[in-house]
Amino acid sequence: MTRARLTIDLDALAHNHAVLRADAHGAEVAPVVKADGYGLGVGPIARRLWAEGARRFFVARLEEALALREALAARAATIHVLDGLASGEAEPMKAAGLTPVLNSPREAAAWGSAGGGACAVHVDTGMHRIGFTAEEAADLAASPPPALRVELVMSHLGSAAEPADRRNALQLSRFRPLRALFPQARASLAASAGIYLGPDFTYDLVRPGVSLYGGGPHERPDPRLRAVATLTAPLLAVHTVAAGETIGYGPAVTATRDMRLGLVGAGYADGVLRAAWRGGYAFVGGRRAPLVIVTMDLIGVDLTDLPEPSPGDRVELLGAHVQLDDVAEAAGSVAHEILTRLSRRAERVYVGEAA
Ligand SMILES: *Cc1c(COP(=O)(O)O)cnc(C)c1O
């Protein structure tokens, strides 16, 4: 019997890509496919996005870039590596024709020493994670290492999912003069959420990740986007648990009434976060069923208020009816983490693969 199954719908990916492209105010959409395409498999994801017209991709690490280059075979994409150059990475990056995103003067010097060529520069405008400070960027623009060709200047927004947050305007006001230091370069500020801050934020190129995969730009379900990842598993058994009985490990869950409990053949080892048990739900027989317990291999759902299901029915744990952003909220997390935790144990099925 097929236990947990992860279906990856590349037609939904293409749909989301088209939505973002239509909303990007004319900017190029450069998909972010780091962490193995947000856990969904970088090869099928990137090949389908290429078929949809994407020609430039972002990953985080050298290894991810090499895997993407291999997956794209003869397709001559521009591949940017967001985390820049760790020591010793300049040579392999050049050899694979990758375009690093330089995050510090040390990385700029290393890229220059390796012969330089095309690169991007990340300037920090207020997220305080990585990137050149304003002073360092001015120095780089004034005296760049020989042979450094800055083709893209970019920054990253810390609060774009909250359009009213003052940090958005602050980061934009800081980005403007930094971007002007590199007048020959294209500019990029927005990820998924930033696209929806309006045309001041989209510049030449946008870098969506999560919304390509169905996560709402504002961290709540967005009806225009389709679910790319669907996780289902069979209903293995249905029991009655008497009021007052304790369910699963430890004392946390006690039936407050006679409960019809369904056991589903998936668990946190398939990528359903254990933290989602409180407030999370599954979908079975056309209805939502609250999660009761999440263990490594089995999930308990409350079927008391649902029509009698049959063992063997498939239960959706993530997908069109169990929305990514709802799962993230229940787990106290973000859609990005829910996707990247989907494990390799669930059987994977791709729909709509590019030739
Ligand atoms: C991960 C990342 C993105 C994509 O962000 P989403 O929220 O998934 O759209 C874009 N830019 C940078 C620098 C990132 O690290």
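The model is predicted, so local features need pLDDT of at least 70 and side-chain atom pairs count only at pLDDT 80 or more, while totals for chains, interfaces and linings use all residues. Residues are numbered from 1 along each chain as its sequence is written, and side-chain values use heavy atoms, with hydrogens and water left out.

**Stop 1: the ligand**

Select the ligand and the 14 residues around it, of which Lys34, Tyr38, Ser192, Gly209 and Val210 come nearest; a residue belongs here if one of its heavy atoms lies within 4 Å of the ligand. By class, this shell holds seven nonpolar, four polar and three charged residues, where Ala, Val, Leu, Ile, Met, Phe, Trp, Tyr, Cys and Pro count as nonpolar, Asp, Glu, Lys and Arg as charged, and the others, Gly among them, as polar.

Next, display the N and O atoms of Val210, Arg207 and Arg129. A backbone N or O atom of Val210 is 2.8 Å from an oxygen atom of the ligand, a side-chain N or O atom of Arg207 lies 3.0 Å from a ligand nitrogen atom, and a side-chain N or O atom of Arg129 lies 3.4 Å from a ligand oxygen atom. On its own the ligand has 390 Å² of accessible area, and the protein covers 90% of that (Shrake-Rupley method, 1.4 Å probe).

**Stop 2: the largest pocket**

Now hide the ligand: the space that it takes is the largest pocket, with a volume of about 660 Å³. On a 1 Å grid over the protein atoms alone, a pocket is an open set of points with protein on both sides within 12 Å along at least five of seven lines, a cavity is a set where a 1.4 Å probe fits but cannot get out, and lining residues have an atom within 4 Å of a point.

Of the 31 lining residues, select Lys34, His156, Leu157, Ala191 and His336, which are the closest to the centre of this pocket. The elements that give two or more residues to the lining are α2 (34–38) and α9 (192–195), and α9 gives the most, with three residues. By class, the lining of the largest pocket has 16 nonpolar, nine polar and six charged residues.

**Stop 3: the cavities**

Two cavities of 30 Å³ or more are counted. For the largest cavity, of about 50 Å³, select its lining residues, among them Val272, Tyr281, Leu317 and Val327; the lining has eight nonpolar residues, one polar and no charged.

For the second largest cavity, of about 40 Å³, select residues including Leu231, Val272, Leu317, Val327 and Ile338. Its lining also divides into eight nonpolar, one polar and no charged residues.

Key: Polar contact = N/O pair within 3.5 Å; in protein donor to acceptor, adjacent residues only side chain to side chain. Sits in = over half its atoms within 2 Å of the grid points. Points joined across faces, edges and corners; volume = space filled by probe spheres on them. Helix = DSSP H or I, 4+ residues; strand = E, 2+ residues; numbered from the N terminus.
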